[in-house]
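Visitor: I would like to learn how to read strands and sheets in a model like this one. Could we go through it feature by feature?

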Amino acid sequence: MEDPQKTRVIPVGIMAGIAACLIAVGAGLSWWTLSSRSPKEPVVSSPTLTLPQPTPSPSETVEKTLAIYWVEDKSGKLAIISQPVQIQAQNDPTVFLNIALDRLLAGVSDPNQFSEIPKGTKLLNLTTNNDDVYVDLSPEFTQGGGSASMTGRLGQIVYTATTLNPNSKVWLSVAGKPLTVLGGEGLEIPQPITRSIFDREFRF
């Protein structure tokens, strides 16, 4: 007859081993479940916000020294000479050149200087585009005078229109039409004309 004590020991050992295995498996399952339910959130970088730039304010009034050009008799020879003028205006080349040309057409005040531009000549329009200056004059500009007068008035306009930039190109027109010939003697005007072209092709 078997010992009843031995029959109780075997089931207890087996149950203890099974319990230990179940505890280990349960712990593993719990870790796996927690890990799967709490994944690491991906790092998302915030987009860089580009703030709109403020609209530039209109240019302030500034003062510049420009030059307008007259004709002067130097020992019996005519020459184009400059007169510096102070101009306060919006910092825009078109504005400054309009004022300079208007002062030129208003006439000279120095008794030692004179203008070959006929009285009554008006500036109808002046615009700029980078290094190009477009000057439109009234028909009076073409009236009266001989070749020396034509040369003088042409030089006055070209030099005054390029006072901000001596290398600018000047496109001349009269009453909206390109000026290709000036005066009855047919002084041919290249379009555009520059200071260097005037100095080379037109001399007193």
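Visitor: In the hairpin of E1 and E2, which residue takes a positive phi?

Guide: This is a predicted model. Ser75 is the residue with a positive phi, near 55 degrees, and the hairpin has two residues between its strands.

Visitor: How do E1 and E2 run, and how many bridges join them?

Guide: Strands of a sheet pair through backbone hydrogen bonds, in either a parallel or an antiparallel way. Here strand E1 (residues 61–74) and strand E2 (residues 77–90) run antiparallel, joined by 14 bridges. Within this pairing, Trp70 stands opposite Ile81 of E2.

Visitor: Is Gln113 buried or exposed?

Guide: The cut-off for buried is under 20% relative accessible area. Gln113 has 12% relative accessibility, so it counts as buried. Gln113 lies in the loop between helix H2 (93–106) and strand E3 (123–129).

Visitor: Which residues does Gln113 touch, leaving out those up to four places away in sequence?

Guide: Its contacts are Trp70, Val71, Glu72, Ile81, Gln83 and Val108.

Visitor: What is the strand order in the open sheet of four strands?

Guide: The order is E3-E4-E5-E6, and the pairing is mixed. E3 and strand E6 (177–178) are the edge strands, each pairing on one side only. E6 pairs with strand E5 (residues 169–174) in the antiparallel sense, over two bridges. There, Val174 stands opposite Lys177 of E6.

Visitor: Which strands does H2 touch as it packs on the sheet?

Guide: H2 touches E3 and strand E4 (132–137), and the directions of H2 and E3 make an angle of about 150 degrees.

Notes
Residues are numbered from 1 along each chain as its sequence is written. This is a predicted model: local features need pLDDT of at least 70, side-chain atom pairs count only at pLDDT 80 or more; totals for chains, interfaces and linings use all residues. Side-chain values use heavy atoms; hydrogens and water are left out. Two strands pair if DSSP finds at least two bridges between them. Buried means under 20% relative accessible area, exposed over 50%, partly exposed in between (1.4 Å probe, protein chains only). Contact means heavy atoms within 4.5 Å. Axes are lines fitted to C-alpha atoms, for helices over the stretch in contact, and angles run from 0 to 180 degrees between N-to-C directions.
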